[in-house]
Amino acid sequence: MKINFKIATPEKVVYQAEVDQVTLSTQMGEITVLPNHIPLVSSLKPGEILVKTGKEELPIAVSGGFVEFAENQMTILADTA
């Protein structure tokens, strides 16, 4: 099972792929989202999002924004990434 992950800014889609897990910093603290996580909507703190697929890790810097997760679909709307 995978997460359909997409991160977008007002200008473009920065990254889109099926991933195993995503770690990000919300206003309530750092969380890791795995497949079948409960639905989530939160604002993001500026910092790093860590996307893992298999043994590969991709860090993405963001300056804030919002995250929505439901039914293994994660969309991040970032101010900049």
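**View 1. Surface of the predicted model.** The structure shown is a predicted model. Of the 81 residues, 35% count as buried.

**View 2. Strands and overall dimensions.** The protein has nine strands and zero helices. Along the sequence the pattern reads β-β-β-β-β-β-β-β-β. The radius of gyration is 11 Å, close to the 12 Å that the globule rule gives for 81 residues, so the protein is as compact as a globular protein of that length. Taken along the principal axes, the box filled by the C-alpha atoms is roughly 30 × 25 × 20 Å. Of the contacts between residues at least 6 apart in sequence, 45% join residues at least 24 apart.

**View 3. The aromatic pair Phe-5 and Tyr-15.** The count of aromatic pairs comes to one. The ring centres of Phe-5 and Tyr-15 lie 6.1 Å apart with their planes at 55 degrees, so the pair is tilted. Phe-5 belongs to strand E1 (residues 3–8) and Tyr-15 to strand E2 (residues 13–19), 10 residues apart.

**View 4. Exposure of the two paired residues.** Phe-5 has a relative accessibility of 1% and therefore counts as buried, the cut-off for buried being under 20%. Tyr-15, at 25% relative accessibility, counts as partly exposed.

**View 5. Charged side chains.** The protein carries 6 positive and 10 negative charges. The mean positions of the positive and the negative charges are 4 Å apart.

Definitions and conventions
Residues numbered from 1 in each chain as written. Predicted model: local features only at pLDDT ≥ 70, side-chain atom pairs only at ≥ 80, totals over all residues. Heavy atoms only, no water. Helix = DSSP H or I, 4+ residues; strand = E, 2+ residues; numbered from the N terminus. Rg over C-alpha atoms; globule rule 2.2 N^0.38 Å. Buried < 20%, exposed > 50% of the residue type's maximum accessible area, 1.4 Å probe, protein only. Contact = heavy atoms within 4.5 Å. Lys, Arg positive; Asp, Glu negative; His and termini not counted. Charge placed at Lys NZ, Arg CZ, Asp CG, Glu CD. Phe/Tyr/Trp six-rings, centres within 6.5 Å; stacked < 30°, edge-to-face > 60°.
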